[in-house]
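Visitor: I'd like to go through this one term by term, and hear what stands behind each word.

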Amino acid sequence: MSRLRALALLPLLWLAACASTAPAPRDTSPSADTAAPAHASAASLLLVSLDGVNPAFVSEDDTPNLHRLMREGVHAEWMRPSYPTLTFPNHYTLVTGLRPDRHGIVHNAMTDATLGDFRLSDRDAVGNGDWWNDGEPIWVTAENAGLRTATLAWPGSEAPVRGVRPTHWFPFDASRSLASRVDTVLGWLSEPDATRPRLATLYFEQPDAAGHDFGPHSPELRQAMRDVDAALGRLLDGLDARGLADRIDIVVVSDHGMAEVAADRVMTVEEMVSMAEARIVSAGQVVGVAPNPGFEAVVEARLLGGHDRYTCWRRDAIPERLHYGRHPRVPPIVCQMREGWDAIPAEYLARRPVRTRGSHGYDPDLPSMRAIFIARGPSFRRGVTLPGFDNVDVYPLLARLLGVPAADNDGDPATLLPALRGDAAR
Ligand code: AMP
Ligand code: ZN
Ligand code: ZN
């Protein structure tokens, strides 16, 4: 063969070589999605949280990019959050597979006998591993297995957990634009194999914030959904432009949904119990009460049992289905508000604008509290709808996708197998 002829053949040979690693054809027939995932060995996993999304907020008109992911991948009809249906407990459940009662982030606001008080706004507490060490988040599992990880905010990722941090991490910064967050993640995922994180996380505090201020049925919430969806569109376009779409498994979740709270459906915690008799550990929808010494019997007599707007239990008598009450940080009495009712300190009520709002923190079995699960990528089947499942089942899936041994957890590793292509499910 002449040298010229050999050179002319080179592009063909190159094409043939590429064909062996090209993505599986986009065919939604049942047999086609059992093909081996392309680039399986090098796939990275991107876990995205959209705070406060209920499945009802996803629509083809408002959220075309979420819809695209559903079409091109798998989605659950709904995902049941763990108790309590609040941001920090559920984000940590998603990445540990443990119920809040086991991972120890039992509320957004809690007290520990040794560590003192935990609040979302307390940077020292949020960054202190002692609060988080009862659980092993997926980035710690992955780092311990020798994989690089990167977090653009996720509750728990600002602390060294069991002494381990993600390779790259950022403190939560609500002022940072969604586009800039997406660009940072795209940068990570574009790195060469040697440095590219195998796991990245991305967190958006919307539409939760709009949902709280205006309620789940408000134009403001719809706009917030459009905004986060546009950010997802930027992400998907960025992956397409870099030729990465078939190398990245994307899992999009939310932590809980949102229920409407009518303007007049708010009471003060002082109406529940006298501040002379007890300390309020947490307010809102899951009200934690610690009776003052000597007042245990009187506070229990006042609170325990069902009331018009709430039900209270002693921590050892919380219904089994809620999996709550064993961790030492759970207060002695827990009061669960009925859907659509808030209980807040009188001083906050005085400052709160009177209008329809939104809250979560209600019973995890309520449809309004349901979260979303949507996933697409080389490991996932296409066009599959899964029945509802518990959010503890996400961690074993993440471990499987990364090929790392899952730490002890409360999830069922079988639940999400039907989401996976043949090779990834093995
Ligand atoms: P909540 O609705 O009270 O359950 O919590 C949601 C809020 O948590 C969001 O609006 C965020 O502002 C806040 N948040 C999320 N991640 C963090 C973090 N890592 N540190 C502090 N606050 C956070
Ligand atoms: Zn949340
Ligand atoms: Zn919220």
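Guide: We'll take the metal sites, then a helix, a sheet and a loop residue.

Guide: This is a predicted model, where local features need pLDDT of at least 70, side-chain atom pairs count only at pLDDT 80 or more, and totals for chains, interfaces and linings use all residues. Residues are numbered from 1 along each chain as its sequence is written, chains are lettered from A and ligands numbered from 1 in the order in which they are written, and side-chain values use heavy atoms, with hydrogens and water left out.

Visitor: Which residues are called donors of the zinc ion (ligand 2), and how do you know?

Guide: Donors are N, O and S atoms within 2.8 Å of the metal (3.2 Å for Na, K and Ca); water is not among the atoms, so sites may look incomplete. D51 (OD), T87 (OG1), D255 (OD) and H256 (NE2) lie 2.0 to 2.1 Å from the zinc ion (ligand 2), so they count as its protein donors. Along the sequence their spacing reads D-x35-T-x167-D-H.

Visitor: What makes the arrangement around the zinc ion (ligand 2) tetrahedral?

Guide: Four donors get that label if all angles lie between 85 and 135 degrees. Here the 4 donor atoms subtend angles of 95 to 128°, so the arrangement is tetrahedral.

Visitor: Which protein atoms hold the zinc ion (ligand 3)?

Guide: Its protein donors are D208 (OD), D208 (OD), H212 (NE2) and H360 (NE2), lying 2.0 to 2.5 Å away. Their sequence spacing is D-x3-H-x147-H. H212 belongs to helix α8 (residues 208-214) and H360 to the loop between β18 (357-359) and β19 (373-376), so this pair ties together parts that are 148 residues apart in sequence. The two zinc ions, ligand 2 and ligand 3, are 4.1 Å apart.

Visitor: Why are H212 and H360 put in their accessibility classes?

Guide: Buried means under 20% relative accessible area, exposed over 50%, and partly exposed in between (1.4 Å probe, protein chains only). H360 has 4%, so it is buried. H212 has 23%, so it counts as partly exposed.

Visitor: Why is α3 called largely enclosed?

Guide: First, what counts as an element: helices (H or I, at least four residues) and strands (E, at least two) are DSSP runs, numbered from the N terminus. In α3, 10 of the 10 residues are buried, so the rest of the structure largely encloses the helix. Among them are F88, H91 and Y92. Just after α3, G97 takes a positive phi of about 70°.

Visitor: What makes α3 oblique to α13?

Guide: Axes are lines fitted to C-alpha atoms, for helices over the stretch in contact, and angles run from 0 to 180 degrees between N-to-C directions. Helix α3 and helix α13 (residues 394-402) pack at about 40°, with axes 6 Å apart. That angle makes α3 oblique to α13, because under 35 degrees counts as roughly parallel, over 145 as roughly antiparallel, 65 to 115 as roughly perpendicular and the rest as oblique. Contact means heavy atoms within 4.5 Å, and L94, V95 and T96 in α3 meet V394, Y395 and L398 in α13.

Visitor: How do you know that β15 pairs with β14 and with β16?

Guide: Two strands pair if DSSP finds at least two bridges between them. Strand β14 (residues 305-306) has 2 bridges to β15, and β15 has 5 to strand β16 (residues 333-337), so both meet the rule. Both pairings are antiparallel. G305 is bridged to C312 in β15, while R314 has I333 in β16 as its partner.

Visitor: Why is V58 called buried?

Guide: Its relative accessibility is 16%, so V58 counts as buried. V58 is in the loop between β1 (44-50) and α2 (64-72). Not counting residues up to four places away in sequence, V58 touches V53, T63, L66, H67, M70 and I372.

Notes
Four donors count as tetrahedral if all angles lie between 85 and 135 degrees; four count as square planar and six as octahedral if opposite donors are over 155 degrees apart and all others between 65 and 115; anything else is irregular.
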